Amino acid sequence: MKRAKISIIGAGNVGATTAHWCAAAELGDIVLLDIPAVGDMPKGKALDLMQSSPIMGFDCQITGTSDYADTANSDVVVVTAGIARKPGMSRDDLLSTNAKIVGAVAAEIKGASPGAVVIVVSNPLDAMVQRTWQVTGFPTQRIVGQAGVLDTARYRTFLAMELGVSVEDISALLMGGHGDTMVPLPSCTSVGGIPVTQLLSTERLAQIVDRARNGGAEIVGLLKTGSAYYAPAAAVTQMVEAIVRDKKRLLPCAAYCDKEYGVGGYFVGVPVVLGSGGVERVIELKLTAQETANFQKSVAAVKELVAAMAKLV
Ligand code: APR
């Protein structure tokens, strides 16, 4: 069977760590690309990773480059290019810089890998996914944003810490935009099949949701020099695996919604089925009145961000 080709644009913290997790899981051959201004850094990281393969026991080619020709005909392209948050910056502060970077990257992807599924990671996520779609013009199914898998992982981690149980037993779902306006769904959170509401008070659950919502800022505050990358890269890897292995995973991702949830043509965090074609289906849940109100607030924030971006690019 032919190996999948996975290109990662941006060989910084998230990009290089994604290459690491994807290689360790033998998901395919990997191309790590960055701008010429960083010199041979992508080549250095790629070679270093390759040299870990005899020890870690994975067979894949890892190439570092600044030339999009090396990414030609990728099956999956992951976009992590851009600047990361520093303390005091919100994801929206990144809007202007990253909209330009992601627009330029999207144009290159369109030329080099016209059949790829594109996973966008750069922030502010919901706007960057929209930008990638605008520039590539790819079918909406082949453009997807990573946010929900990470936000849900943070939420599941904090729940496991609180309850003193394995993270493997926590199943949860979040919707909406990445970060401040994400919408938790307590009705879709269970611990070994037990509804979480039977194990935690509403107040404690709200505190845990809040910590997950600010999970990115908490890491920025601790690192001081950049933003999270282990968990974001792990989240991307799960999405890459769903695509290259056609696993049809049901995951929360930023996906294009038009009639779905009445969103009207924007990428927002919703549960989707992710397989070789990208977003194969958006799952429409029956939300409570409160969840609907929270989701609409989140969608409104995404629309505002996209409108602000339109004035900058
Ligand atoms: N093309 C390719 N790579 C680029 C471009 C470009 N036009 N512009 C910048 N880059 C590269 C940088 O040179 C850098 O190596 O993107 C990389 C970003 O890496 P980091 O600064 O380490 O940032 P990282 O922590 O990886 O975050 C990247 O992901 O989670 C989001 O908010 C985060 O938007 C940020 C992105």
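Between domain 1 and domain 2 there are zero salt bridges. The model is predicted. Polar contacts do link the two domains: eight residue pairs, both residues at pLDDT 80 or more.

**The domain interface**

Domain 1 covers 5-145 and domain 2 covers 148-310. Their centres, taken over C-alpha atoms, are 21 Å apart. On the domain 1 side, 40 residues make contact, and on the domain 2 side, 42. About 3400 Å² is buried between domain 1 and domain 2, with carbon and sulfur atoms giving 72% of that area.

Six elements of domain 1 each supply at least two residues to the side that touches domain 2: the helices α1 (13-24), α3 (95-112) and α4 (125-136), and the strands β4 (76-79), β5 (117-120) and β6 (143-145). Helix α4 gives the most, with nine residues. By residue class, this side of domain 1 holds 23 nonpolar, nine polar and eight charged residues.

**Salt bridges**

Side chains of opposite charge can pair when their charged atoms come close. The structure holds seven salt bridges.

| Pair | N to O distance | Accessibility of partners |
|---|---|---|
| Aspartate 29 and arginine 3 | 2.8 Å | aspartate 29: 21%; arginine 3: 40% |
| Arginine 204 and glutamate 162 | 2.7 Å | arginine 204: 30%; glutamate 162: 34% |
| Glutamate 218 and arginine 211 | 2.9 Å | glutamate 218: 32%; arginine 211: 36% |

Arginine 204 and glutamate 162 form a salt bridge. Arginine 204 sits in helix α6 (residues 202-213) and glutamate 162 in helix α5 (residues 148-163), so this pair ties together parts 42 residues apart in sequence. Arginine 204 is partly exposed, and so is glutamate 162.

Glutamate 218 pairs with arginine 211. Glutamate 218 is partly exposed, as is arginine 211. Elsewhere, salt bridges that share partners join Asp246, Lys248 and Glu280 into one network.

Note on methods
Residues are numbered from 1 along each chain as its sequence is written. This is a predicted model: local features need pLDDT of at least 70, side-chain atom pairs count only at pLDDT 80 or more; totals for chains, interfaces and linings use all residues. Side-chain values use heavy atoms; hydrogens and water are left out. Domain bounds come from an automatic or database domain assignment. Contact means heavy atoms within 4.5 Å. Buried area is the accessible area (1.4 Å probe) that two parts lose on being put together, summed over both. A salt bridge is a side-chain nitrogen of Lys or Arg within 4 Å of a carboxyl oxygen of Asp or Glu. A polar contact is a pair of N or O atoms within 3.5 Å; within protein, one must be able to donate a hydrogen and the other to accept it, and residues adjacent in sequence count only if both atoms are side-chain atoms. Helices (H or I, at least four residues) and strands (E, at least two) are DSSP runs, numbered from the N terminus. Ala, Val, Leu, Ile, Met, Phe, Trp, Tyr, Cys and Pro count as nonpolar, Asp, Glu, Lys and Arg as charged, and the others, Gly among them, as polar. Buried means under 20% relative accessible area, exposed over 50%, partly exposed in between (1.4 Å probe, protein chains only).
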